[in-house]
Amino acid sequence: MRETRSTDGSGNHRWPIVILSIIVVLLASAAAECRPQMPTGIEKPFILFLDSYHTNYPWSINVRSGVRERLQAEIPATRLAIEYMDTKHHATETLFPILADLFERKYGTHPPAVIIASDNNALNFVATYRRRIFPDVPVVFCGINDFKESMLAGQTHITGVVEAASFRQTIALALDLHPEASAIYSIAGSALTTRIHIRELADAATDFKDRVEFLEIHERSLSEFAVALETIPSTGIILWLGLYRDTTGAVLSLKEAFTFIRAHTDRPIYTMWSQNLPYCVSGVMISGQEQGRQAAAMAARILAGESATDIPIVRESPNVPMFNYVELGRLHIPMDALPPDADIINQPPPSFYFQNRQYIWAALGVIAVLSVLVAALTTLNVLSFARKSDGTADAHDLADLMDQTIDLASTDYDLKKQFDFRHIRVIRDYDLHLSRVPCEAAKIQQVLLNILRNGAEAMQMKWRTIQKPKNGEGPRFIIRLEDEPENDRVRIEIADNGPGMDEKCRNRVFEPFFTTKPTNQGTGLGLSVSYFIVTENHGGQMMVESIPDVGTTFIIHLPLHRQTAP
């Protein structure tokens with residue numbers, strides 16, 4: 001549990017915030033004075049993305065992914081600058097003046113071409129400080145709850161995408177799947193957006209007042225929430241509105257909030273936001289990624305010369321029913337009870353493969369080892385496998401190759417070892433303007449998959465022994481893709497937070513047949529083959545950095561220009 005802090009006007013806890021704001025302003029001022037100034041006329045236009053929340057917040061990740069995807073498709077040459085406002089952890093009345101001073105220093109003399117404001121707090125900030133910091137800059141908003149025209153009072157050159165939660169459709173769906181339900185319990189903390197959801201629910205609930213009772217578990221301390229959750233009867237179901245902050249000021253991550261609820265009740269939970277689905281049964285969902293795509297498309301139209309005033313606001317969210325296969329099974333809800341257009345997550349593979357996949361993979365592993373050994377004996381050179389090439393080195397989008405490989409790894413889990421890649425958090429940090437790389441796609445994917453599998457198994461060994469990770473931590477990859485134009489190459493970085501390696505293992509990790517796994521669980525060829533695919537087949541570099549008990553990072557450099565392999 002994070003440290004609880006008071007958010008009222010008393011006490012000395014405000015002094016660190018004041019001091020921090022002064023330091024930020026001074027540093028920004030010094031940077032602005034030291035930075036070489038370019039004539040405004042030759043600076044490339046850029047888009048400023050104002051995110052209400054923080055970099056690891058699932059909704060923010062989804063919106064950001066949609067924005068990047070659409071911008072890359074429509075205007076790849078445009079730079080995207082991102083500012084995280086972190087309003088889940090800090091009160092806006094204290095935070096906004098600090099951010100206004102900082103943003104005025106950063107963008108006052110070189111403003112963005114377009115602003116994308118994600119969620120209500122970002123829009124409120126823009127509406128309050130736009131005239132001072134961003135005069136005449138067009139604005140596109142997305143993810144706005146409880147949208148009203150009054151939010152745009154006095155604003156010009158502004159458009160966007162409304163986030164309209166499907167309360168009525170979700171309630172109707174929940175009651176169809178639970179005809180025995182007598183009451184719906186809404187869970188709501190103290191955040192601003194959560195209070196908006198409370199008002200929206202009250203309006204929708206009037207349509208069902210003769211069918212079910214609506215009871216509120218709202219704005220309490222965590223201990224009071226716990227008591228109320230434990231009193232929910234077997235005929236009650238839960239509607240999630242958001243529990244990110246309680247009345248004492250305690251802040252919870254998404255995972256921490258749902259873990260807390262699950263510790264005090266086993267009742268089914270319904271939601272209207274897709275990032276919550278891994279913890280819930282179902283709902284008619286808002287897609288953060290689609291919100292980001294539509295906002296980015298509007299920004300592209302503005303950069304192409306269209307006026308924001310002429311682009312109509314999108315007032316209908318493209319929401320769809322979604323279901324969690326694991327929760328459906330836990331609650332014994334039959335698949336034929338679902339609507340035909342349902343999206344279902346966490347479905348297992350086909351039954352034969354699902355039941356026998358460990359034997360299939362074991363057989364394939366034996367075949368692969370025998371094949372490599374035959375090649376090694378034929379030449380007494382095991383590295384000849386990596387050197388063979390079909391000479392096909394077309395230019396590929398490295399971000400696409402990485403995402404495809406992550407999808408492949410996500411289907412790779414071992415029931416015997418209780419290992420499931422899908423339980424690993426993957427943080428993607430891709431350069432928006434990443435250059436296409438001349439490479440053999442299948443071999444590079446083999447390299448990436450070897451690294452992901454090794455890291456996943458190492459993290460599983462570490463994190464399965466930790467019962468209560470600190471601050472909601474758990475196994476995670478951080479994957480970075482970025483251009484290094486000064487060296488005419490692209491850098492791939494895959495970092496895990498597993499057990500790490502000591503110096504002896506780190507120095508031998510690319511040696512053929514070297515492995516730290518039991519004799520029946522690894523051949524020691526994966527990383528050595530990967531090393532030679534990178535260095536021999538692609539003229540690149542591959543290295544490893546590792547700190548015991550902290551984690552391991554594999555770094556790959558691939559050249560942007562090279563001769564096709566003979």
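A residue counts as buried under 20% relative accessible area, as exposed over 50%, and as partly exposed in between. These words are used below for a model that is predicted.

**Salt bridges**

Side chains of opposite charge can pair when their charged atoms come close. Across the whole structure, a search finds 23 salt bridges.

Arg 330 pairs with Glu 327 in a salt bridge whose closest N and O atoms are 3.0 Å apart. Both residues belong to helix α10, which covers residues 325-330. Arg 330 and Glu 327 are three residues apart, about one turn of the helix.

Another salt bridge joins the side chains of Asp 403 and Arg 428, at 2.9 Å from N to O. Asp 403 is in helix α13 (residues 398-410) and Arg 428 is in strand β16 (residues 425-430), so this pair ties together parts that are 25 residues apart in sequence. Asp 403 is partly exposed, its relative accessible area being 24%. Arg 428 also counts as partly exposed, at 38% relative accessibility.

Arg 491 and Glu 493 form a salt bridge as well, with 2.9 Å between the closest N and O atoms. Arg 491 counts as buried at 18% relative accessibility, and Glu 493 is buried with a relative accessible area of 14%.

| Residue | Partner | Closest N to O distance |
|---|---|---|
| Arg 330 | Glu 327 | 3.0 Å |
| Arg 491 | Glu 493 | 2.9 Å |

**Helices α3 and α4**

Two packed helices are described by the angle between their axes and the distance between the axes. Helix α3 spans residues 92-107 and helix α4 spans residues 120-133. Their axes come within 11 Å and cross at roughly 45°. Why is α3 called oblique to α4? The crossing angle is roughly 45°, and that makes α3 oblique to α4. The crossing of α3 past α4 is right-handed.

On the α3 side, the contact is made by Thr 92, Phe 96, Pro 97, Leu 99, Ala 100, Asp 101, Phe 103 and Glu 104. These meet Asn 121, Asn 124, Phe 125, Tyr 129, Arg 132 and Ile 133 in α4. By type, the residues of this contact divide into eight nonpolar, three polar and three charged.

**Positive phi in two loops**

Most residues other than glycine have a negative phi, and most peptide bonds are trans. Glu 219 is not a glycine, yet has a positive phi of about 45°. Where does Glu 219 lie? Glu 219 sits in the loop between β7 (213-218) and α7 (222-229). Glu 219 is partly exposed, at a relative accessible area of 34%.

Asp 549, a residue other than glycine, likewise has a positive phi, near 70°. Its loop runs between β20 (541-547) and β21 (551-559). Is Asp 549 buried or exposed? Asp 549 is exposed, with a relative accessible area of 63%.

Methods:
Residues numbered from 1 in each chain as written. Predicted model: local features only at pLDDT ≥ 70, side-chain atom pairs only at ≥ 80, totals over all residues. Heavy atoms only, no water. Axes fitted to C-alpha atoms, helices over the stretch in contact; angles between N-to-C directions. Helix = DSSP H or I, 4+ residues; strand = E, 2+ residues; numbered from the N terminus. Parallel < 35°, antiparallel > 145°, perpendicular 65-115°, else oblique. Left-handed = near helix turned anticlockwise from the far one by under 90°. Contact = heavy atoms within 4.5 Å. Nonpolar A, V, L, I, M, F, W, Y, C, P; charged D, E, K, R; others polar. Buried < 20%, exposed > 50% of the residue type's maximum accessible area, 1.4 Å probe, protein only. Salt bridge = Lys/Arg side-chain N within 4 Å of Asp/Glu carboxyl O.
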